[in-house]
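Here's a quick look at one model, written for someone who likes cut-offs spelled out.

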Amino acid sequence: MHELPLLLFTLLLQGSVGITLWLALLPARGTPPRSGLLLAFIMASLGLLASTLHMGYPLNALNALRHIASSWLSREIVFASLYLGALGLCTLLALWRKPGGGWLLPVAALFGVIDVFCMAQIYINTAVIAWQHLNTLILFAGTTGIVGSVYAALSAPDIRRRRITLAVMVVALVVLIRLLAQPLWMGALSASPQIVTLPHNPLAAFEKLRTLSILSWAVSAAGMIIFGLGGIRKAKKLLLAGSGLLLLAEIGLRFIFFSIG
């Protein structure tokens, strides 16, 4: 798949932001959890590395910084850099057990959230009609919420902690909002002036992937249910199984997103 670098970039960076956001919101004594920070930083670094594989000349990315006032791509590059820099510094402070990470972590999370928004706007404002919908933002933000919630639930030191209940609620809300957005998105595709937009027949492109789409949504719904049962029953194995299904569904949905564009 020629869009594999973008698939990896968007999934890894949005997932990293989700973990960082949860770390910033969860109460912690002293320095933030080192393992969580390191995981988020590695994911973001690998995501940005994957994005360079999509570029014919990666150094040309510096030219995008000239158009920050008018280009969502320029803004995305700036906030991705700010996010990685703030997260990297926060991670180093935590690894060295130095103070300062506590106030820097919310800053990194804010940069990350803004970056996810800019990332969605890049695709919403392209000539690809299949991406010109609020569904794109819902998809990207949903990945942030799901991956962050999976981390929060699985990393909880005590299975009875309230963070698991909150994580289950976030996952359920994300999946339900996505499902509700699908009819609106499909309706927008059907009503689009397909002669003057790209791709010329997005519905046909989507139809070819209908089986994968149904399977991905089924896996997502199953993951939500099993993840929820794991939270209700305080069962770590169910949480793990539900998490695996949720992450698998994210890959499938993102594959469809880039394939129909």
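## Ground rules

This is a predicted model, so to speak on its own terms: local features need pLDDT of at least 70, side-chain atom pairs count only at pLDDT 80 or more, and totals for chains, interfaces and linings use all residues. Residues are numbered from 1 along each chain as its sequence is written, and side-chain values use heavy atoms, with hydrogens and water left out.

## The overall picture

The chain has nine helices and zero strands, where helices (H or I, at least four residues) and strands (E, at least two) are DSSP runs numbered from the N terminus. Read from that end, the order is α-α-α-α-α-α-α-α-α.

Of the 261 residues in the chain, 48% are buried. Here buried is under 20% relative accessible area, exposed is over 50%, and partly exposed is in between, using a 1.4 Å probe and protein chains only. Looking at contacts (heavy atoms within 4.5 Å) with a separation of 6 or more, 75% come from residues 24 or more positions apart.

## Two salt bridges

Side chains of opposite charge can pair when their charged atoms come close. The structure has two salt bridges, each defined as a side-chain nitrogen of Lys or Arg within 4 Å of a carboxyl oxygen of Asp or Glu. One joins Glu 250 and Arg 178, at 2.5 Å from N to O. Glu 250 sits in helix 9 (residues 236-259) and Arg 178 in helix 6 (residues 162-190), so the pair ties together parts 72 residues apart in sequence. Glu 250 is buried at 2% relative accessibility, and Arg 178 is buried at 2% as well.

The other bridge pairs Glu 207 with Arg 210, at 3.0 Å from N to O. Are these two buried or partly exposed? Glu 207 is partly exposed at 46% relative accessibility, and Arg 210 is partly exposed at 34%.

## Helix 8 against helix 9

Helix 8 (residues 210-233) packs on helix 9 at about 155°, with the axes 7 Å apart. Axes are lines fitted to C-alpha atoms, for helices over the stretch in contact, and angles run from 0 to 180 degrees between N-to-C directions. That makes the two helices roughly antiparallel, the label for angles over 145 degrees.

By class, the contact between helix 8 and helix 9 has 18 nonpolar, nine polar and one charged residues. Nonpolar covers Ala, Val, Leu, Ile, Met, Phe, Trp, Tyr, Cys and Pro; charged covers Asp, Glu, Lys and Arg; the others, Gly among them, are polar.

Technical notes: Parallel < 35°, antiparallel > 145°, perpendicular 65-115°, else oblique.
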